[in-house]
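Me: I would like to learn how to read packing features from a set of coordinates, taking one feature at a time. Could you give the general idea first and then show me the case at hand?

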Amino acid sequence: MVDFHKRILFSDEAHFWLNGYVNKQNCRIWSEANPQVYVETPLHPEKLTVWCALWAGGIIGPYFFKNDESHNVTVNGDRYRAMITNFFIYELNNHDVQELWFQQDGATCHTARATIDLLKDTFGDRLISRFGPVNWPPRSCDLTPLDYFFVGLCKVIGLCG
C-alpha cells in the first residue's frame with residue numbers, strides 16, 4: 001500500500017514534571033556501549049500528563065489530563081475513555097479521517113476492553129493496539145514520531161529548557 005505511513009494516526013502521552021525534573025522517558029540515548037545513565041526521581045513530584053495524536057495531515061491535541069477541579073491527574077482507563085469521547089472523537093470530526101489508522105501503545109488504560117471497543121466503534125479494523133484488530137508488537141521499542149514531538153512540545157509550553 002503506497003504511503004501507508006501517511007495514514008497512521010500515532011498517539012501517545014507524556015509526563016512533564018513541574019519542578020524542573022526532566023522526564024528521561026522522552027529522551028533517547030543511542031550508543032554502542034551502555035552509557036550508565038542514572039536518573040534520580042523525586043518521590044511524589046507534581047506532573048502534567050499530555051496526550052497528542054499526529055499524522056501526515058496534522059496534529060490533534062495537545063490534551064492535558066486534569067480533573068473537574070483543574071488539578072493535574074495521571075491517566076487511567078476512565079480518564080482515557082473520557083478524553084476519547086469528549087475530545088478526540090470531537091476533534092476527528094474536523095478532519096478527513098475516513099482512511100486513517102489509529103495507533104496506540106500497550107499501556108493498560110489503552111488496552112482495557114471498554115477502551116478497545118470504543119476505538120473499534122470509530123476506527124473498525126483500522127486500530128493498531130495491543131488486543132486490537134492489528135496487534136501492537138509485543139516488546140516493541142515503542143518509538144513513534146511523537147517521542148520526538150513531545151520534546152518540542154515540552155519546550156513550547158515552557159516545561160523544559
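Reply: Let us begin with contact, which here means that heavy atoms lie within 4.5 Å. The model is a predicted one, and in it Gly77, Tyr80, Arg81, Ile84, Thr85, Phe88, Ile89 and Leu92 of helix 1 meet Ala114, Thr115, Leu118, Leu119, Thr122 and Phe123 of helix 3.

Me: How are helix 1 and helix 3 oriented towards each other, and at what angle do they pack?

Reply: The general idea is that angles under 35 degrees count as roughly parallel. Helix 1 and helix 3 pack at an angle of about 10 degrees, and their axes are 10 Å apart; the two helices are therefore roughly parallel to each other.

Me: Taking phenylalanine 102 as an example, which residues is it in contact with once neighbours within four places in sequence are left aside?

Reply: With those neighbours set aside, phenylalanine 102 is in contact with Leu9, Ser11, Trp51, Tyr80, Phe88, Leu119, Phe123, Arg126, Leu127 and Ile128. Burial is read from relative accessible area, with under 20% counting as buried, and phenylalanine 102, at 0% relative accessibility, falls in that class.

Me: How many aromatic pairs are there, if ring centres must lie within 6.5 Å?

Reply: The count comes to seven aromatic pairs. One of them joins phenylalanine 88 and phenylalanine 102, whose rings are tilted, at 5.1 Å centre to centre and with 40 degrees between the planes. This pair links distant parts of the chain, since phenylalanine 88 is in helix 1 and phenylalanine 102 is in strand 4 (residues 101-103), 14 residues apart. Phenylalanine 88 is itself buried, with a relative accessible area of 1%.

Phenylalanine 88 also pairs with phenylalanine 123, and here the geometry is stacked, at 6.1 Å centre to centre and 25 degrees between the planes. Because phenylalanine 88 lies in helix 1 and phenylalanine 123 in helix 3, this second pair ties together parts that are 35 residues apart in sequence. Phenylalanine 123 counts as buried at 2% relative accessibility. Both phenylalanine 88 and phenylalanine 123 belong to one aromatic cluster, formed by Trp51, Tyr63, Phe65, Phe87, Phe88, Phe102 and Phe123.

Me: Is histidine 95 buried, partly exposed or exposed, and which residues does histidine 95 touch?

Reply: Between the limits for buried and exposed, 20% and 50%, a residue is called partly exposed. Histidine 95, located in the loop between helix 1 and strand 4, is partly exposed, with a relative accessible area of 28%. Leaving out residues up to four places away in sequence, histidine 95 touches Trp55 and Ile60. Histidine 95 and isoleucine 60 are 35 residues apart in sequence, while their C-alpha atoms are 9.4 Å apart in space. For leucine 92, which lies in helix 1, the C-alpha distance to isoleucine 60 is 7.9 Å, across 32 residues of sequence; leucine 92 counts as buried at 4% relative accessibility.

Me: Lastly, what should I note about the backbone, and where is there a cis peptide bond?

Reply: A cis peptide bond joins glycine 61 and proline 62, with omega at about 10 degrees, and proline 62 lies in strand 3 (residues 58-64). Positive phi values at residues other than glycine are a further item to read: serine 70 has a phi of about 65 degrees and sits in the loop between strand 3 and helix 1. Phenylalanine 131 has a positive phi of about 70 degrees, and its place is in the loop between strand 5 (127-128) and helix 4 (146-156). Phenylalanine 131 counts as exposed, at 52% relative accessibility.

Note on methods:
Residues numbered from 1 in each chain as written. Predicted model: local features only at pLDDT ≥ 70, side-chain atom pairs only at ≥ 80, totals over all residues. Heavy atoms only, no water. Axes fitted to C-alpha atoms, helices over the stretch in contact; angles between N-to-C directions. Helix = DSSP H or I, 4+ residues; strand = E, 2+ residues; numbered from the N terminus. Parallel < 35°, antiparallel > 145°, perpendicular 65-115°, else oblique. Phe/Tyr/Trp six-rings, centres within 6.5 Å; stacked < 30°, edge-to-face > 60°. Buried < 20%, exposed > 50% of the residue type's maximum accessible area, 1.4 Å probe, protein only.
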